Amino acid sequence: MSGIWVVVEERDGRVSHIGCEAVAAGQKLAALTGLPVNAAVLGAQTEALAGEAATWALAKVARVEHPLLAAYTADGFTLALEQFFAVEKPDFVIFPHTYQVRDYAPALAARLGQVLIGDVTAFSADTAQPARPVFTRQLMQGRLNGAYRHSGNGACFISVQAGAFRADELQAGTAEVCSFSPTIEPAQIRTKPGERFRASAQTIDLGSAQRIVSVGRGIKDAANLPLVQELAAALGAELGASRPICDAGWLPLDRQVGSSGQTVSPKLYLAVGISGAIQHLVGMKGSQCVAAINKDPGAPIFESADYGIVGDLFEVVPALIEAVKAARQ
Amino acid sequence: MKIMVAIKQVPERDAQVRIDAAARWIEESGLQWALNESDAYALEEALQLKEKHGGEVVVVTAGPERVGPTVREALAKGADRAIHIDCADLGSRDALGVARLLAAALKPENPDLVLTGLQSDDLGQGQTGVIVAELLGLPHASLILHVEKTETGLTVKKELEEGWFQTIELPAPAVLTIQSGGNKLRYATLMGIKRAKTKEVRTVTAAELGVDAAPVVVLERVALPQKQKSTQMLTGTAKEAAAALVEKLKFEARVL
């Protein structure tokens, strides 16, 4: 067994931010278990990425390199890591919980008879079983936390949620760089990925907005949107929305806040009728001040809010519009 | 085109969840249940493909007897028949265990396409479809918003992060996990509800499928999350709470 392996992803020629967070998580797990921690970089050309990873406190950095890994495919990445881990026999494998990882890591784990513990937010070990840490992940759209433990033999696969571990706690050092060349035939890559594209030119930049009023399912009907539009106008705020509102076509996609939409960091983020699924929270957690109005006292949005009002938005918002207008006169 | 759609029954979105006495899962008695949201979109995509290309839509689900109404709902929307994998221990199976059940039920059907939702609204693991593809030896694509049948296979629109998309071509048969929002969901018509009553629902047990339940990963405990911030809850009438919020935003947070 070779300890902990962190599989990092590239973004704009560097290790992605969440990739750095995953390495920091790996160093933390190493401290907890006493195992060595390593990183693997995948691609057709990995020298620069490996060079960056080699400046961190890791035992080894492996360049898993093959021309067929130039563009991401689930088949290519699964094959490459299946072969690499057959040699390395890791105790733990850590991924950043990205869309790409969600596309292949469950298949890779299954191929090795394992199950990925995905979207992990924390881990700890009890003294009875130091080698088998407990991993926390969210359940029921963030309303509950679940404690998971790997019980079988072989590697324990986890992916870590964006923001759960801190990239600035990454320990610097030096690592030995090694190479691994997987055997991949073109016919084994069954999917053909095309170019990335955006649906339409983004016209609304919520990222630079100072105040955002965001609306969610609680608004019930498109016909009720003028209510929150009026609140946004009173506050001098941009209007944002959670995914279901844009899915329903009630507001254009470029008003969507969250992992599949825009990431925002306004001074004030006012969430109206938004329960606060994690996909939404990752898009707004950089906000300076968060206020939330929701009828469900157990809504996860209240966990991340500075101020909360439990109530019917159709009563609270009109009152709020009046109060804001009075206060801003 | 024979399209199979793996669906899951989950607690209704607004359901008040209580942790069960053993703190292993939620208290299921008294809960309202619904079709998992992204599975509803998977079903919609399947029905639209059938309308364009003909064929059959078969829904597959695993769960205890209570899944009946959810299966009937799928049939009422237009699925032709259903396979119910009867198992009361779904919660003690991990993602691989559940995928093994589904794959065992799917394989003898030789589908041209398997669709399922991106993730369940209760466990939220987002793994089932990807593992089913692996177990069936089929190519897959995840987070799909749109599916087009081509002469050689499929062209799909995949969602990436931060508002980006990608077109992917893959051969059929394949497994696709469907993201919410790609289509407008239909409602069951009265005629559909009536017809659903006569449609075939075949029940098989986990034992008949030859799939055991031994998990690799165990959910040992559930708990309420710790608050990340100390939230000030503002109470009173709507008017009082609104006034208090404006006061706080103006003088405490200074963001007005």
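Strand β1(A) and strand β6 (residues 92–96) of chain A pair in the parallel sense over 3 bridges. Two strands count as paired if DSSP finds at least two bridges between them. Helices (H or I, at least four residues) and strands (E, at least two) are DSSP runs, numbered from the N terminus. In this pair, A:I4 stands opposite A:F92 of β6(A).

This is a predicted model, in which local features need pLDDT of at least 70, side-chain atom pairs count only at pLDDT 80 or more, and totals for chains, interfaces and linings use all residues. Residues are numbered from 1 along each chain as its sequence is written, while chains are lettered from A and ligands numbered from 1 in the order in which they are written.

**Confidence**

- The predictor gives the complex an ipTM of 0.93 and a pTM of 0.89.
- Chain B averages a pLDDT of 95, and 99% of its residues score at least 70. pLDDT is the predictor's confidence in each residue, from 0 to 100.

**Domains**

- Chain A is divided into domain 1 (4–188) and domain 2 (206–327). Such bounds come from an automatic or database domain assignment.
- The centres of these two domains of chain A, taken over C-alpha atoms, are 34 Å apart.
- In chain A, 6 residues of domain 1 are in contact with 8 residues of domain 2. Contact here means that the C-beta atoms of two residues, placed from the backbone, lie within 7 Å.
- Chain B is divided into domain 1 (2–209) and domain 2 (230–256).
- In chain B, 43 Å separate the centres of domain 1 and domain 2, again over C-alpha atoms.

**Chain B as a whole**

- Chain B has 7 helices and 13 strands.
- The C-alpha trace of chain B spans about 65 × 40 × 40 Å along its principal axes.
- Of its 256 residues, 48% count as buried. A residue is buried if 20 or more other C-beta atoms lie within 10 Å of its own, exposed if 12 or fewer, and partly exposed in between, with C-beta atoms placed from the backbone.
- Take the contacts in chain B with a separation of 6 or more: residues 24 or more positions apart account for 71% of them.

**The sheet that ends in β12(B)**

- This open sheet has 10 strands, in the order β11(A)-β5(A)-β4(A)-β1(A)-β6(A)-β10(A)-β7(A)-β8(A)-β9(A)-β12(B), and its pairing is mixed.
- Its edge strands are β11 (176–180) of chain A and β12 (217–223) of chain B, each of which pairs on one side only.
- From one strand to the next, the twist averages 35°.
- Helix α4(A) packs on this sheet and touches β6 and β10 (156–160) of chain A. The direction of α4(A) makes about 170° with that of β10(A). Axes are lines fitted to C-alpha atoms, for helices over the stretch in contact, and angles run from 0 to 180 degrees between N-to-C directions.

**The sheet that ends in β12(A)**

- Another open sheet of 10 strands has the order β12(A)-β9(B)-β8(B)-β7(B)-β10(B)-β6(B)-β1(B)-β4(B)-β5(B)-β11(B), with mixed pairing.
- At its edges stand β12 (192–198) of chain A and β11 (201–205) of chain B; each has a single partner strand, so one side of each is left without a neighbour in the sheet.
- Neighbouring strands here are turned by 30° against each other on average, direction ignored.
- Helix α1 (residues 37–53) of chain B packs on this sheet, touching β1 (2–7), β4 (56–63), β6 (113–117), β7 and β10 (174–178) of chain B. The direction of α1(B) makes about 150° with that of β6(B).

**Strand pairs in chain B**

- Strands of a sheet pair through backbone hydrogen bonds, either parallel or antiparallel.
- β7(B) and β8 (residues 153–159) of chain B are antiparallel over 5 bridges. There, B:K149 stands opposite B:L154 in β8(B).
- β1(B) is mostly covered, with 5 of its 6 residues buried.
- β1(B) runs parallel to β4(B) over 6 bridges. B:V5 has B:V59 of β4(B) as its bridge partner.
- β1(B) is also parallel to β6(B), joined by 4 bridges. B:I3 stands opposite B:L113 in β6(B).

**Helix α3 of chain A**

- Helix α3(A) (residues 74–88) has 15 residues and reaches 21 Å from its first C-alpha to its last, close to the 21 Å expected at 1.5 Å a residue. The expected span is 1.5 Å times one less than the number of residues.
- Its buried residues include A:F77, A:L81 and A:F85.
- The buried residues of α3(A) pack against β1 (4–8), β4 (37–43), β5 (60–65) and α4 (99–111) of chain A, together with β7 (140–149) of chain B.
- After α3(A) comes A:K89, whose phi is positive, near 50°.
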